[in-house]
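Hi,

Here is the structure I promised to send over.

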Amino acid sequence: MSGDDNPSLTQAGAAQPTGAYRAAGGTTTMAAVALVAAVTSSFWSPPLFKLLHLRTPAAATTARQDVDIGRLNQSVADLERKLAEVNANLVKAQQDSAAAKTAQAAAESRVGLVALVQLQSALRRPGPFDVELALVRASNRDLGPLAPALDALDKQASSGILVGSQLRTEFNELADELTRRDYKVIPIAWMNSLLGRPTPGAEPAGVFPPVERASVLADRVKDRLGSNDLSGAVNELASMSGDAAALVEPWVNEARARIAADAAIAKLSDRIATALARP
């Protein structure tokens with residue numbers, strides 16, 4: 001039987017190429033649609049995924065990166081804020097430290113000034129002044145020209161130094177003793193005059209009793225003390241010798257100590273005046 005005799009076979013053979021063409025055309029269409037979708041996905045996929053509450057891997061990665069960057073930015077902001085707080089606290093601490101140092105320096109200056117005044121007052125009294133002297137040295141770092149004047153008083157610091165009125169009283173007693181010794185040797189001078197006094201201008205040294213000269217010298221010393229010339233009184237006694245010099249030597253040492261104390265008082269006054277003049 002031929003194809004002409006079987007019409008169904010002829011129709012089937014004709015239908016097969018048509019179906020194949022349709023299948024190929026559908027595949028091409030799908031490929032074209034896929035290509036267009038891939039090319040245009042950047043435009044329509046984000047709204048679509050957002051509408052469906054879905055994320056692409058790239059979007060998810062970007063979102064994670066955005067979160068990480070946000071956290072990093074927040075950490076940086078927190079660090080900057082903390083650093084600003086630390087700097088502010090540091091500035092405040094430096095200001096407080098400077099104020100504390102200023103207050104400490106002012107307090108030390110006041111303590112040093114009080115110590116100078118107390119030492120000056122103690123030197124005007126006959127009592128010990130070792131505590132006041134130690135306080136002045138401890139509270140005043142740089143004594144300057146005052147230091148040598150205070151060093152000269154170290155030996156008398158624990159016992160004290162006599163004042164002017166005491167020195168005058170003690171020397172009056174010494175002058176009386178010198179006068180009594182003078183009276184004891186007057187008969188000897190009188191006997192010498194009876195035995196023959198040398199011609200005027202030819203008297204050998206030692207004819208007149210040295211104690212007599214000491215008593216006259218003591219009167220001049222009392223005049224010096226009456227005018228508050230302690231240095232002049234000490235200079236007058238420097239020419240005294242022998243037993244009379246030994247008798248007045250302790251008093252001379254006390255007088256020299258008082259002279260040194262008065263010099264220290266004058267330097268203390270200058271130091272106090274300078275401290276009070278500072279703002």
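Below is what I found, going from the overall picture to a few residues.

First, keep in mind that this is a predicted model. The protein chain has an average pLDDT of 78, and 71% of its residues score at least 70. Which elements sit at the two ends of that scale? Helix H1 (residues 7-51) has the lowest mean pLDDT, 61, while helix H4 (residues 146-151) has the highest, 94. Where pLDDT is low, the predicted coordinates should not be read in detail.

Now the fold. Taking the contacts with a separation of 6 or more, 70% are between residues 24 or more positions apart. Of the 279 residues, 22% are buried. The chain exposes about 19,100 Å², and carbon and sulfur atoms supply 60% of that area.

What about the inside? In soluble globular proteins, nonpolar side chains tend to be buried together. Here the largest nonpolar core has 22 residues, and those touching the most other members are Leu119, Leu123, Phe129, Val136, Leu150 and Leu153. Helix H2 (57-123), H3, H4 and helix H8 (242-277) each supply at least two residues of this core. There is also a second, separate core of 21 residues, with Leu162, Leu167, Val234 and Met240 among them.

Leaving out residues up to four places away in sequence, Phe129 touches Leu119, Ala122, Leu123, Leu153, Gln156, Ala157, Gly160 and Ile161.

Then try Ser139, which lies in helix H3 (residues 130-139). Is Ser139 buried or exposed? Its relative accessibility is 17%, so Ser139 counts as buried, since the cut-off for buried is under 20%. The side chain of Ser139 reaches the backbone oxygen of Leu135 at 2.7 Å. Setting aside neighbours within four places in sequence, Ser139 is in contact with Glu108, Val111, Gly112 and Ala115.

Cheers

Definitions and conventions. Residues are numbered from 1 along each chain as its sequence is written. This is a predicted model: local features need pLDDT of at least 70, side-chain atom pairs count only at pLDDT 80 or more; totals for chains, interfaces and linings use all residues. Side-chain values use heavy atoms; hydrogens and water are left out. pLDDT is the predictor's confidence in each residue, from 0 to 100. Helices (H or I, at least four residues) and strands (E, at least two) are DSSP runs, numbered from the N terminus. Buried means under 20% relative accessible area, exposed over 50%, partly exposed in between (1.4 Å probe, protein chains only). A polar contact is a pair of N or O atoms within 3.5 Å; within protein, one must be able to donate a hydrogen and the other to accept it, and residues adjacent in sequence count only if both atoms are side-chain atoms. Contact means heavy atoms within 4.5 Å. Accessible areas come from the Shrake-Rupley method with a 1.4 Å probe; for residues, only the protein chains shown count as cover. A nonpolar core is a set of buried Ala, Val, Leu, Ile, Met, Phe, Trp, Tyr and Cys residues joined through side-chain atoms within 4.5 Å.
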